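Biologist: Please take a close look at the charged side chains in this model and at the parts of the chain around them. I would like one connected account, with the cut-offs behind each term.

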Amino acid sequence: MKTAARVLALLAERGETLAVAESLTGGLVAAELTSVPGASESFRGSVTAYATALKRELLGVDGTLLAERGAVDPEVAQQMAAGVRRALGAGWGIATTGVAGPEPQDGQPVGTVFVAVSGPHGTEKVAELRLNGDRADIRRESVRSVLELLSGELHENARTQDTEQNGGN
């Protein structure tokens with residue numbers, strides 16, 4: 001089963017929802033999720049904030065952070081994930097930001113990507129990727145990586161919930 005299908009099945013089973021904030025992937029994460037039949041049960045929607053100003057205006061990313069570090073930054077990715085969660089009223093948010101090429105951006109080389117997850121109970125996770133290949137390869141691997149990161153956090157969150165419900169044993 002594809003990662004998107006596994007993630008959506010787990011979210012549906014738990015009655016939870018997902019929103020996506022994308023930059024370099026330009027809607028590919030949302031496309032991957034919506035290719036799964038029944039995705040609407042858990043997938044709320046997405047924001048493709050390609051322009052840096054939209055990251056601030058729509059997703060609430062700190063303007064000073066963007067001015068000082070640029071859009072290709074782990075904290076920007078985290079704020080995008082948290083921001084899309086708030087904006088679209090979802091339990092979970094994921095985000096992608098990075099450099100797909102062909103030129104470096106914000107002082108970062110091509111293939112530098114940050115993917116992030118924001119979820120309930122203070123769940124926050126960012127992964128830095130150093131990807132090789134052409135623009136399409138980098139974007140495709142970014143999609144796979146953000147969905148894998150979410151899958152891992154969903155499983156970790158389920159274990160934490162189970163432990164809490166069983167008195168910490």
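Modeller: A surface patch here is made of residues with over 30% relative accessible area and no salt bridge, where like charges are joined within 9 Å and nonpolar side chains (Val, Leu, Ile, Met, Phe, Trp, Tyr) within 5 Å. The model is predicted, and local features need pLDDT of at least 70, side-chain atom pairs count only at pLDDT 80 or more, and totals for chains, interfaces and linings use all residues. Residues are numbered from 1 along each chain as its sequence is written, and side-chain values use heavy atoms, leaving out hydrogens and water.

With Asp and Glu counted as negative, Lys and Arg as positive, and His and the chain ends not counted, Asp 62, Glu 68, Glu 75 and Glu 124 make up a negative surface patch. Each charge is placed at NZ of Lys, CZ of Arg, CG of Asp or CD of Glu, and areas come from the Shrake-Rupley method with a 1.4 Å probe, only the protein chains shown counting as cover for residues. Glu 68 belongs to helix H4, residues 63-69 (helices, H or I, have at least four residues and strands, E, at least two, as DSSP runs numbered from the N terminus), and with a relative accessible area of 63% this residue is exposed (over 50%; buried is under 20%, partly exposed in between, with a 1.4 Å probe and protein chains only).

Asp 73, in the loop between H4 and helix H5 (74-88), is by contrast buried, at 7% relative accessible area. The side chain of Asp 73 forms a salt bridge with that of Arg 69, with N and O 3.2 Å apart (a side-chain nitrogen of Lys or Arg within 4 Å of a carboxyl oxygen of Asp or Glu), and Arg 69 is partly exposed at 44% relative accessibility. The structure as a whole holds 9 salt bridges. One of them joins the side chains of Glu 153 and Lys 125 at 3.8 Å, N to O; because Glu 153 lies in helix H6 and Lys 125 in strand E5, this pair ties together parts that are 28 residues apart in sequence. Glu 153 is buried, at 13% relative accessibility, whereas Lys 125 is partly exposed with a relative accessible area of 38%. Glu 128 also pairs with Arg 130, the closest N and O atoms lying 2.5 Å apart, and here Glu 128 is partly exposed at 46% while Arg 130 is exposed at 51%.

Most residues other than glycine have a negative phi, and most peptide bonds are trans. Pro 102 lies in the loop between strand E3 (92-98) and strand E4 (112-118), and the peptide bond joining Gly 101 to Pro 102 is cis, with omega about 15°. His 121, in the loop between E4 and strand E5 (124-130), has a positive phi of about 60° and is exposed at 61% relative accessibility.
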